[in-house]
Structures are given as C-alpha cells and as structure tokens.
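Please consult the sequence and model shown below.

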Amino acid sequence: MIRISIAASAVAILVAGCVSSPPRPVSGAPAASSKRIVRDSFQLILPDGTRVNPDSTGGFELPNGDYVKRDPGGALILPTGARCLPDQGGYLCP
C-alpha cells in the first residue's frame, strides 16, 4: 500500500512539472512594434537613422517626399495617419 502511495505521488509530481504556465509579459519592456523619433538639437533622427530638419510648423518632409505634420497637441501625424506622441527627448510612434 505504501508503494502504491509513493508511486502515485511520483506520477503526480511528474505530471505537475509538465504543465506549462501561460507566458507573462515582461513589465517595463517596450512594445516590439513601437519606434522612436529622437530630437537631436534642431534635427530629428528617424527610426532608420535618417536626419530631418523640422520646418517652422514642426512638420518635416520624409526622404520619399511624404510630409509628416505636427498637430496642435504636439504629436506628429505620419502619412499613414498614425500619431507619434511626444515624450522626453523625441516622439514615440506605433
């Protein structure tokens, strides 16, 4: 009877060890899809490393000719309609 109890306990431990828990997000880690536009003095550095000069409205032209405008709240509006929100040192984009 003791052997059966020990064997049952061992099986229960092995089965419990095989159950996986769902992945948990790492706190404080930025989302993989977010990108930053960094302010460097009078220029902005785009996520690909390109430097652009904002115009008097705070908007700028991208290398492909598209225009990024700045809204009254300070966010940058990309040609796709996505908003890059201002943060310390630049903008956080989706």
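Helices (H or I, at least four residues) and strands (E, at least two) are DSSP runs, numbered from the N terminus. The model is predicted: local features need pLDDT of at least 70, side-chain atom pairs count only at pLDDT 80 or more, and totals for chains, interfaces and linings use all residues. Residues are numbered from 1 along each chain as its sequence is written, and side-chain values use heavy atoms, with hydrogens and water left out.

- Buried residues (under 20% relative accessible area, 1.4 Å probe, protein chains only) make up 19% of the 94 residues.

**Contacts**
- Contact means heavy atoms within 4.5 Å; among contacts between residues at least 6 apart in sequence, 24% join residues at least 24 apart.
- Not counting residues up to four places away in sequence, Y91 touches residues including K35, I37, L44, L76 and C84.

**The loop residue D71**
- D71 is found in the loop between strand 5 (67–70) and strand 6 (76–77).
- The side chain of D71 reaches the backbone nitrogen of G73 at 3.0 Å.
- Not counting residues up to four places away in sequence, D71 touches I77 and R83.

Note on methods. Polar contact = N/O pair within 3.5 Å; in protein donor to acceptor, adjacent residues only side chain to side chain. Buried < 20%, exposed > 50% of the residue type's maximum accessible area, 1.4 Å probe, protein only.
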